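This report looks at surface patches and at a few individual side chains. Please keep the sequence and the structure in view while reading.

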Amino acid sequence: MKKAFVQLHIAVFLAGFTAILGKLIGLNEALLVWYRLLITVLTLGLILFFRKQLQRLSLKDALKIGGVGLVVALHWVTFYGSIKYANVSVALVCLSGTGFFTAFFEPLIFKRKINIREVLLGMLAIAGIYIIFDFYPQFKVGIIFGIVSAVGSSLFPIFNKKLLARFNPATLTLYELGGGFLFLCLFVPFYLMQFPAAYYLPTTSDWLWLLVLAWLCTVLCFDLQLNALKKISPFTANLTYNLEPVYGIILAFIFFHENKSFTGHFYIGVGLILLAVILQMGGLWYTSRRIVAQ
């Protein structure tokens with residue numbers, strides 16, 4: 001369990017860094033994700049091929065896993081859209097709504113009762129988002145993108161929890177992201193009609209950051225996250241991912257000085273999100289101590 005938490009927190013830090021890269025890469029959000037998936041799928045496919053770990057799946061299984069990749073792709077497009085139409089800090093705070101949506105989706109999908117404690121903890125994060133939304137209406141479009149991103153973020157760990165019982169993490173990542181890439185090949189032209197791009201081919205600096213995004217923040221991050229999910233529940237994983245805004249916001253303050261544009265209300269919102277994470281972690285620690293004592 002300790003190893004799983006370490007893996008999860010490294011994955012969360014890498015996920016927080018993706019927001020910085022999203023700001024540094026000048027591509028439209030849909031094109032950014034398309035290139036990210038292209039590099040990732042090619043890289044992971046070659047790694048598995050040369051290691052002789054490339055696993056063939058039935059069409060039914062491939063479609064099922066690819067469907068989860070569709071959710072991942074939409075999550076990423078809306079997440080980077082939130083960065084483009086607001087900023088890194090706002091996009092990351094909106095993503096903290098993941099825990100709230102998970103508190104409802106996980107019981108629905110696994111057919112168990114809703115845990116009121118999980119709902120209340122998730123509502124703390126939603127309250128933080130509301131405070132920011134209320135005081136920064138100029139970020140309205142970016143916040144809407146961010147909330148949609150949080151819905152997608154809550155769903156794919158739940159689906160992955162069930163799939164991990166049958167497939168290894170590397171195979172799952174390859175087929176998921178491959179499915180997401182194929183979906184974007186069809187989706188991007190329609191998206192660009194509504195949200196036109198300034199340019200279509202990455203610049204030299206774009207390529208550099210895209211490689212970092214694909215290799216470190218996607219291949220490595222996904223592998224760590226999926227391995228951690230073998231021991232940790234989807235709700236705990238998603239709530240731990242509420243630390244992603246903390247890591248990302250600190251980095252945004254360092255790289256882009258975004259702290260200069262916020263008032264105290266922003267920090268109240270972030271404080272509520274941190275409180276939700278601390279309470280959840282405290283509850284897990286208390287429960288684990290009781291199990292050990294018994």
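Is L120 buried or exposed? The model is a predicted one, and in it L120 is exposed, with a relative accessible area of 51%, which places this residue in the exposed class because that class begins over 50%.

## The nonpolar patch

Helix α6, which covers residues 116-135, supplies the largest share of the patch, namely three residues.

## The positive patch

A patch of positive charge also lies on the surface, where K60, K64, K111 and K162 gather. Among them, K64 has its place in helix α3, which covers residues 59-85. The relative accessibility of K64 is 42%, so this lysine counts as partly exposed, given that buried residues fall under 20% and exposed ones lie over 50%.

With a relative accessible area of 13%, T78 is buried, because its value falls under the 20% cut-off. The side chain of T78 makes a contact with the backbone of H75, whose oxygen the threonine side chain reaches at 3.0 Å.

Terms used: Residues numbered from 1 in each chain as written. Predicted model: local features only at pLDDT ≥ 70, side-chain atom pairs only at ≥ 80, totals over all residues. Heavy atoms only, no water. Patch = residues over 30% accessible without salt bridge, like charges linked within 9 Å, V, L, I, M, F, W, Y side chains within 5 Å. Areas by Shrake-Rupley, 256 points an atom, 1.4 Å probe, with all protein chains shown as cover. Salt bridge = Lys/Arg side-chain N within 4 Å of Asp/Glu carboxyl O. Lys, Arg positive; Asp, Glu negative; His and termini not counted. Charge placed at Lys NZ, Arg CZ, Asp CG, Glu CD. Helix = DSSP H or I, 4+ residues; strand = E, 2+ residues; numbered from the N terminus. Buried < 20%, exposed > 50% of the residue type's maximum accessible area, 1.4 Å probe, protein only. Polar contact = N/O pair within 3.5 Å; in protein donor to acceptor, adjacent residues only side chain to side chain.
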